[in-house]
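Please examine the structure shown below. The briefing that follows treats helix packing, the ligand surroundings and backbone geometry in turn.

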Amino acid sequence: MAAINPVTDLSKDGDIAVITLNSPPVNALSAPVRDGLADGFKQAIADPSVKAIVLVCEGKTFIAGADISEFGKAPKGASLFDVQNTMEDSPKPIVAAIHGTALGGGLEVALCAHYRVAVPSARCGLPEVNIGLLPGAGGTQRLPRIAGVEKALEMVTSGQHVPAKQCLEMGLVDEIVPEGQLKQGAVAFAKKVLAEKRPLKKVRENNAKVEAARGKPEIFANFRKENGRKFRGFLAPEYNIRCIEAAVNQSFEDGLKTERKLFMELVTGTQSAAQRYVFFAERQAWKIPDVPDDTAQIPIAKVGVIGAGTIGGGISMNFANAGIPVTMVETKQDALDRGLTVIRKNYENTAKRGRLTMDDVEKRMGLLKGSLNLEDLKDCDLVIEAVFENMDVKKDVFTKLDSIVKQGAILATNTSALNIDEIASVTKRPDAVIGLHFFSPANVMRLLEVVRADKTSKPVIATSMATAKKIGKVAALVGVCPGFVGNRMLFQRQREAQKLVMEGAMPWDIDRALYNFGFPMGPFAMSDLAGLDIGWNKERSKGETIRDVLCEMDRRGQKTSAGYYDYDENRNAKPSAVTEKIIEDFRKKSGVNSRQISDEEIVERCIYPMINEGAKILEEGKAIRASDIDIVWINGYGWPVYRGGPMFTGDTVGLDKVLAKMKEWHAQMGDTFKPSALLEKMVAEGKRFQDLK
Ligand code: T1G
């Protein structure tokens, strides 16, 4: 075994050369890896005793793509394209040996080998779209030549990882070799290629599948139509589609030129910068500076959930999905039965969509046990309460749990805003109390705000973060303050939206502006969907707000076919003259002279105060880093990922512009717009939130 460089070895197994990469954590195509490949192939091809070449990786995976951290920096090291050309034009057969995930540039390298073998657990994909890019090393030209146009369109726009068996069926892989015997299997396959004098297959020369799609523009028109909603606002999916169109309508060389041109547009644009930032931000969020990775954790074998309603049921499903038994406690049998019935229905609907088998459904239901007695939680390792959002009720529950649940267990509250230090104060174990704030529907929304109270211990924090990962959540550790991070910033947007209605914008103007910004839905449409009467009290209502008047008129949202909007029988919303009249009456009463308000001002007035609040959250230490705030808003509230979240958006807009607006509004409308000291400081120092470490 001769070391080509620190991450690449070249060895021989008879007349088969084996190039082995070992560049943790994922063998990304960094400069040293590219250099190693360039030199390794050059030496192996030049060596007359070598008849064929195998490329294999050590560690957990085959090459998982370009090194994303290199983007935006001055290029160095061997060119990936040169490595690919050397491979494809090699006079000796090259076999790529795949395990783990051959992704992006990794799969594009493998596609320049003449053959590919894989172990059964391997997967292949071109997920560049998830970081706002497209396969920029020939993937959009080679994949459709193997997998066909429709499958290629699906793979490059979804970023899906395709299991080895399917890769074999579509011809992406030539043979499956036994698990754990990849290198031997690949060498044996290379010997077979030599013995059978198999041709040097070049994917680029395989034109049948792309030619078959030529003259059928409907393939692309239909694909765009079917996915319009999903791709709304994103550039990368459309650019990927154009590259596949180029593979059909242009020569391979011209198609490569199209791919490179569109790749450069994306990689230099703000959307990809945002999505690459989010890629690393999601991974950073798991890192807690004062809770090291080796902090002792509490084994979570049994979970208790108090409350089997919408939230409690959704929370319970997360654990059942991860194979963890749950005891759900309710106060009344019919509430318990209803909760379990809803869960079963959810699972059966998922099974109907083919994403679960009925066997899975029964297994998961078998992990859910109902009880009317808190005593049944005594052996749980983690108990989560999802009871009525009232401090006295929460304190009563925690007082009881403190005397029932075994020592060493975690007692968690799902409160969305109440003070967890106060809740913890009624127990003898405040170190074991933490917030696990799920977002509704709890079994669907990826975000989990893990709320660290003053006395929460490090093992409890470490266990809670690890449990969040185990149940498939994206977690952000936040501090105790009203609304924590997400709802605290949401309040800023809701307040401004209500004020803008009084100043001259209609609810549908505000919803349109924020929808076009990239949110899945505007605040008023969202309120109609959730129901305007949440937290509304008929007896106490005095018609003092637009929402009160709407509820008093029984216009409670979609469920009553009228709220801010009017709804037809298919729940299609349209602006309502009734709502417009109510708003105009309120404006008259308040003596406000309404004015035309542009969509641009609506967006600025709604999001700049959020950015300012995010800066305050950082100042107060209620979030560890700005990117955690972005993770909260992308995964909990639908901030468009191609804008990177509120703090990244502030950086993109320019914090000096945000500050200038906040100062202007502060002078006009008072202290709700008072700029945060941190925002002032960063502008004074010419810094961005991304520069904060
Ligand atoms: N570049 C740099 N670092 C990467 C990386 C990459 N491509 N992939 C992972 N990492 C780091 C990650 O930040 C983390 O670091 C550690 O590896 C483990 O990752 C030319 C232009 C491979 C499925 O998009 O999907 O090729 O936090 O926690 O859960 O056309 O990583 O430990 O310091 O995610 O086991 C295309 C992205 C790139 C694949 C493994 N490739 N990676 O998941 O581990 S663009 C991708 C993943 C490209 C070409 C184009 C996943 C994984 P740290 P992890 P995991």
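Helix H4 passes helix H5 in a right-handed crossing, a crossing being right-handed if the near helix is turned clockwise from the far one by less than a right angle, and left-handed if anticlockwise. The model is predicted, so that local features need pLDDT of at least 70 and side-chain atom pairs count only at pLDDT 80 or more, while totals for chains, interfaces and linings use all residues. Residues are numbered from 1 along each chain as its sequence is written, and side-chain values use heavy atoms, with hydrogens and water left out.

**Helices H4 and H5**

- The axes of H4 (residues 139-147) and H5 (residues 149-158) come within 7 Å and cross at roughly 135 degrees; axes are lines fitted to C-alpha atoms, for helices over the stretch in contact, and angles run from 0 to 180 degrees between N-to-C directions.
- Helices (H or I, at least four residues) and strands (E, at least two) are DSSP runs, numbered from the N terminus.
- That angle makes H4 oblique to H5, because angles under 35 degrees count as roughly parallel, over 145 as roughly antiparallel, 65 to 115 as roughly perpendicular and the rest as oblique.
- Leu-143, Pro-144 and Ala-147 of H4 meet Val-149, Lys-151, Ala-152, Met-155 and Val-156 of H5, where contact means heavy atoms within 4.5 Å.

**Helices H24 and H25**

- H24 (residues 599-619) and H25 (residues 626-637) pack at an angle of about 130 degrees, with their axes 10 Å apart.
- This makes H24 oblique to H25.
- The contact is formed by Met-610, Gly-614, Ile-617 and Leu-618 of H24 together with Ala-626, Ile-629 and Trp-633 of H25.

**Ligand surroundings**

- Lys-60, Ala-66, Glu-108, Arg-283 and Lys-287 come nearest of the 25 residues around the ligand, a residue being near if one of its heavy atoms lies within 4 Å.
- A polar side-chain atom of Lys-60 lies 2.7 Å from an oxygen atom of the ligand.
- For Ala-66, a backbone N or O atom lies 2.7 Å from a ligand oxygen atom.
- An N or O atom in the side chain of Glu-108 is 2.5 Å from an oxygen atom of the ligand.

**Backbone geometry**

- Most residues other than glycine have a negative phi, and most peptide bonds are trans.
- Pro-24 and Pro-25 are joined by a cis peptide bond, with omega about 0 degrees.
- The peptide bond from Ser-440 to Pro-441 is also cis, with omega near -5 degrees.
- Asp-554, which is not a glycine, has a positive phi of about 65 degrees.

Terms used: Polar contact = N/O pair within 3.5 Å; in protein donor to acceptor, adjacent residues only side chain to side chain.
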